[in-house]
Amino acid sequence: MFASYAASVVVASHLNRAHKSISGNKDYERHALMNRLILMNDRDCRDQLRMGREAFARLVKLLRDTGRLYDSVFSNVEEKVAKFLYLIGQDARNRNVKFLFYRSGETVSRHFHEVLRAIISLHDIFLRQPNGLECPPEIMNNTKFWPYFKDCIGALDGSHFRVKVGNDIVQRYRGRKAFPTQNVLAACSFDLKFTYVLPGWEGSASDSRILDNALTRDLDKLIVPQGKYYLVDAGYQLRSGFLAPYRSTRYHLKEYSLRQPKNARELFNLRHASLRNAIERVFGILKKRFPILGSGAEPYYHVDTQANIVVAGCILHNYLMGIDPNEELIAEVDEELMREPISSDVAVSSQTQQCREGEILRERIATAFWRDYNTNND
């Protein structure tokens with residue numbers, strides 16, 4: 001009996017030492033992983049976390065210094081943010097991050113939502129609507145656009161993001177895609193930064209319906225300063241505050257790659273498309289930078305969380321466009337956009353007063369374009 005007891009004590013002592021050794025190894029491996037991610041190679045940091053080392057360090061400092069995130073007993077802010085960025089930047093599953101960081105699935109999930117809330121709280125800093133007091137430099141410093149588009153404040157469009165919803169509501173989220181999506185309305189400036197984002201609408205909802213809601217809602221309302229306007233595509237009605245191209249007239253950039261515009265309407269659409277494609281580019285960059293939004297695979301998160309991830313992604317995109325834009329990624333998006341098939345969205349015609357005001361503005365700009373274009377080419 002004594003021998004049996006002694007043996008059990010030895011086994012228990014061995015298991016205890018092994019557990020401590022494993023715990024120590026986990027801390028060491030986690031520390032080594034963080035060093036590899038954020039300290040050693042800038043390319044590795046950008047490939048894995050979708051931003052360079054300096055951008056990562058500044059983001060962590062911002063979140064810590066403003067009290068949005070805190071170090072906990074077992075995890076610091078650096079690790080929490082790294083896990084979040086890895087999840088959205090690699091479209092990784094919870095179990096992948098659990099394995100890499102030697103954390104429980106519960107811890108990974110808790111830290112993910114903690115960082116998600118912290119990023120969204122930066123909304124007022126990085127997502128600001130234009131006040132219309134200044135003309136965008138991309139217009140003012142380009143004779144093709146100035147002074148014709150002097151009252152333009154940005155471009156606006158919708159984009160679809162795949163979502164995961166229950167069978168009882170899936171039809172509401174199934175629109176132009178074969179799978180359920182949310183239709184996200186967004187506006188951007190011409191330096192490729194989001195200025196407004198409204199996520200969460202069902203994929204079956206039309207762009208015009210979502211725009212009407214954005215203009216009349218109480219919270220997160222889209223504001224168009226008096227006398228200013230956004231450029232929109234042919235899927236939207238021409239109206240006061242939203243300048244659409246001429247219908248039944250070429251307006252995609254690649255349609256002009258083979259020949260020059262032949263009349264005022266074609267020239268207007270060419271210049272309009274040259275500016276308006278900023279919103280297509282910014283959506284493309286967002287989805288390519290954060291594959292959780294653009295992979296096309298069914299998301300792991302509920303639709304409400306996925307809507308929040310869209311907002312967080314837009315905020316991070318704006319943050320990075322200021323300090324770490326990644327020109328290589330932008331070039332890839334531009335090349336892909338030129339290869340995409342031309343869409344054929346056409347809005348329902350309207351004869352409202354707002355529509356007539358839009359027609360007058362468009363005709364005035366098109367006439368000025370064509371007059372100066374012919375004068376300069378004589």
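Predicted model: local features only at pLDDT ≥ 70, side-chain atom pairs only at ≥ 80, totals over all residues.

A word on terms before the helices. Two packed helices are described by the angle between their axes and the distance between the axes.

Start with helix H4, residues 77-90, and helix H5, residues 94-101. Their axes come within 10 Å and cross at roughly 140 degrees. That angle makes H4 oblique to H5. The crossing of H4 past H5 is right-handed. On the H4 side, the contact is made by Glu79, Ala82, Lys83, Tyr86 and Leu87. H5 brings Asn94, Val97, Leu100 and Phe101. Sorted by class, this contact has six nonpolar residues, one polar and two charged.

Now stay with H5 and look at helix H6, residues 105-120. Here the axes come within 9 Å, and the crossing angle is roughly 110 degrees. H5 and H6 are therefore roughly perpendicular to each other. From H5, Asn94, Val97 and Lys98 meet Gly105, Val108 and Ser109 of H6. The classes in this contact are two nonpolar, three polar and one charged.

Last, the pocket. The second largest pocket has a volume of about 520 Å³. What lies nearest its centre? Of the 21 residues that line the pocket, those are Arg128, Pro130, Ser189, Asp191 and Thr195. Helix H8, 137-140, and strand E3, 194-202, each supply at least two residues of the lining. By class, the lining has ten nonpolar, six polar and five charged residues.

That is the end of my part.

Methods: Residues numbered from 1 in each chain as written. Heavy atoms only, no water. Axes fitted to C-alpha atoms, helices over the stretch in contact; angles between N-to-C directions. Helix = DSSP H or I, 4+ residues; strand = E, 2+ residues; numbered from the N terminus. Parallel < 35°, antiparallel > 145°, perpendicular 65-115°, else oblique. Left-handed = near helix turned anticlockwise from the far one by under 90°. Contact = heavy atoms within 4.5 Å. Nonpolar A, V, L, I, M, F, W, Y, C, P; charged D, E, K, R; others polar. 1 Å grid on protein atoms, 1.4 Å probe; cavity = no way out; pocket = protein on both sides within 12 Å on 5 of 7 lines; lining within 4 Å. Points joined across faces, edges and corners; volume = space filled by probe spheres on them.
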